[in-house]
Amino acid sequence: MLTLAAFLCFVVVPTCAVAAALVRGLNAAAVRAEREERLADLNSNAAEIAMRIESLESLMLPERQRAGSEAAR
């Protein structure tokens with residue numbers, strides 16, 4: 001009986017503690033990776049939106065110039 005208690009105290013419990021720490025570490029790494037992936041997606045979306053805005057501005061520039069010249073008359 002004492003041998004079983006010693007086995008539990010010195011082998012099973014530390015092994016479970018190490019396994020739990022590894023699982024927590026892996027979970028934290030997965031959460032970090034997911035956040036970085038979402039941030040990369042957001043940055044990509046922001047860049048695409050900025051390109052669309054620039055495109056729209058370049059399309060609207062002649063219209064603005066024409067409206068400005070008509071207003072000056």
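Let's start with a pair: Arg52 and Glu48 sit 4 residues apart in helix 1, about one turn of the helix. Keep in mind that this is a predicted model. The side chains of these two, Arg52 and Glu48, meet in a salt bridge, 2.8 Å from N to O. How exposed are they? Arg52 has 54% relative accessibility, so Arg52 counts as exposed. Glu48 has 38%, so Glu48 counts as partly exposed.

Why pair at all? Side chains of opposite charge can do so when their charged atoms come close.

How many salt bridges does the structure hold? There are 3. Next is Glu34 with Arg38. Their side chains meet at 3.9 Å, N to O. Glu34 and Arg38 are 4 residues apart in helix 1, so about one helical turn separates them. Glu34 is partly exposed at 45% relative accessible area. Arg38 is partly exposed too, at 48%.

Now Arg66 and Glu63. In this salt bridge, the closest N and O atoms are 2.2 Å apart. Both residues lie in helix 1, and here the spacing is 3 residues, about one turn. Arg66 is partly exposed at 44% relative accessibility. Glu63 is also partly exposed, with 44% relative accessible area.

On to the nonpolar side. Which residues form the nonpolar patch on the surface? They are Met1, Leu4, Phe7, Leu8, Phe10 and Val11. Together they have about 700 Å² of accessible area. Take Phe10 from that group. Phe10 is found in helix 1, which covers residues 2-72. Is Phe10 buried or exposed? Its relative accessibility is 69%, so Phe10 counts as exposed.

Technical notes: Residues numbered from 1 in each chain as written. Predicted model: local features only at pLDDT ≥ 70, side-chain atom pairs only at ≥ 80, totals over all residues. Heavy atoms only, no water. Patch = residues over 30% accessible without salt bridge, like charges linked within 9 Å, V, L, I, M, F, W, Y side chains within 5 Å. Areas by Shrake-Rupley, 256 points an atom, 1.4 Å probe, with all protein chains shown as cover. Salt bridge = Lys/Arg side-chain N within 4 Å of Asp/Glu carboxyl O. Helix = DSSP H or I, 4+ residues; strand = E, 2+ residues; numbered from the N terminus. Buried < 20%, exposed > 50% of the residue type's maximum accessible area, 1.4 Å probe, protein only.
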